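Please view the sequence and structure first.

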Amino acid sequence: MDPAVDAFVTHRNLLFTVAYEMLGSAADAEDVLQETWLRWADADHAAVRDERAYLVRITTRQSLNRLRTIGRRRESYVGSWLPEPLLTTPDVADDVELAEHVSMAMLLVLETLGPTERAVFVLREVFELDYDEIAATLEKSPAAVRQIAHRARAHVAARRPRGRVSATEARRALEAFQRAVDLGDVQGLLDILAPDVVLLGDGGGIRQAVLRPVVGADKVARLLASRHVVVAVLSLHPAEVNGCPALIVRFDGELDTVLTVRVDDGLVTGLYAVRNPEKLSHMRQATALRR
């Protein structure tokens, strides 16, 4: 294999993870990888001392360019915009820190950062790059990058899940939630939903979904219980999505919805239902993510 191709293939899963963390979209991450390959193919490989660092630098810069473009696209998005879910391999869940950072809940927190803050946070906190390397990537001074990292960490800390939740705890909460939905059990839902739970739905204007956040356990429970009449033609299947326990909803055997949850202190505080079919293509085959 050509050395340039070999280097790119070796680091491809890492580069995809960088782009996905930056964008929250697998489709856009794949486009970024295409751009990264084109620039890598034209590079003077003999002058590259660290192939991994060089490729991460290209990917980050291309992700920043793409992030500014899709930001305008999302302004006209119909209803709530949610990150694109990924069916993930078991090793993603085994890497607790990676699973936390690619979870739907964390990706939504990252959406509240500016592009540069997001790049610094992802490169430093997820991929543990040093400040000098990040500075070279973003063409800023190390001191400026340290300040940006401090602001980004504080911003994320104020919005991220309150504590690290084990896969066992998340799975237990999800199982209780599924039982209550299957039975149309309003009280069972109220027992597992946090008082301030938020339900977000993403149909992208293609599939029916709640257009605005539904807030509060009572409203969410009654909405879900009212859908119990159609459960007979729906089937709910546990899965690992973005490194976390989730449910795949099938209608007459066809993939219909991916439902992920945020769990805090044993209760479901966030429900994220992705129905937009354009966002479900990476649910057919597991995606490998790497740090």
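## Aromatic pairs

How many aromatic pairs are there? The count comes to three in this predicted model.

In one of them, the ring centres of F8 and W37 are 5.3 Å apart and the planes meet at 65°, so the pair is edge-to-face; the cut-off for that label is over 60 degrees. Because F8 belongs to helix α1 and W37 to helix α2, the pair ties together parts 29 residues apart in sequence. F8 counts as buried at 10% relative accessibility, while W37, at 27%, counts as partly exposed.

Another pair joins W40 and Y54, with centres 5.7 Å apart and planes at 55°, so this pair is tilted. The pair links distant parts of the chain, since W40 sits in helix α2 and Y54 in helix α3, 14 residues apart. W40 is buried, with a relative accessible area of 1%; Y54 is partly exposed at 29%.

In soluble globular proteins, nonpolar side chains tend to be buried together. Here the largest nonpolar core has 51 residues, and F16, W40 and L110 have the most contacts inside it. Among the elements giving two or more residues to this core are α1, α2, α3 and α9. Helix α1 gives the largest share, 11 residues. Apart from this core lies another of 26 residues, including F177 and A221.

Beyond its neighbours within four places in sequence, W40 is in contact with residues including A4, F8, H45, Y54 and I58.

## Charges over rings

R74 lies over the face of W81, at 3.7 Å from the ring centre. R124 lies over the face of Y131, at 4.2 Å from the ring centre.

Definitions and conventions: Residues are numbered from 1 along each chain as its sequence is written. This is a predicted model: local features need pLDDT of at least 70, side-chain atom pairs count only at pLDDT 80 or more; totals for chains, interfaces and linings use all residues. Side-chain values use heavy atoms; hydrogens and water are left out. A nonpolar core is a set of buried Ala, Val, Leu, Ile, Met, Phe, Trp, Tyr and Cys residues joined through side-chain atoms within 4.5 Å. Buried means under 20% relative accessible area, exposed over 50%, partly exposed in between (1.4 Å probe, protein chains only). Helices (H or I, at least four residues) and strands (E, at least two) are DSSP runs, numbered from the N terminus. Contact means heavy atoms within 4.5 Å. Rings of Phe, Tyr and Trp (its six-membered ring) pair if their centres lie within 6.5 Å; planes under 30 degrees apart count as stacked, over 60 as edge-to-face and the rest as tilted. A charge sits over a ring if NZ of Lys or CZ of Arg is within 6 Å of the ring centre and within 35 degrees of the ring normal.
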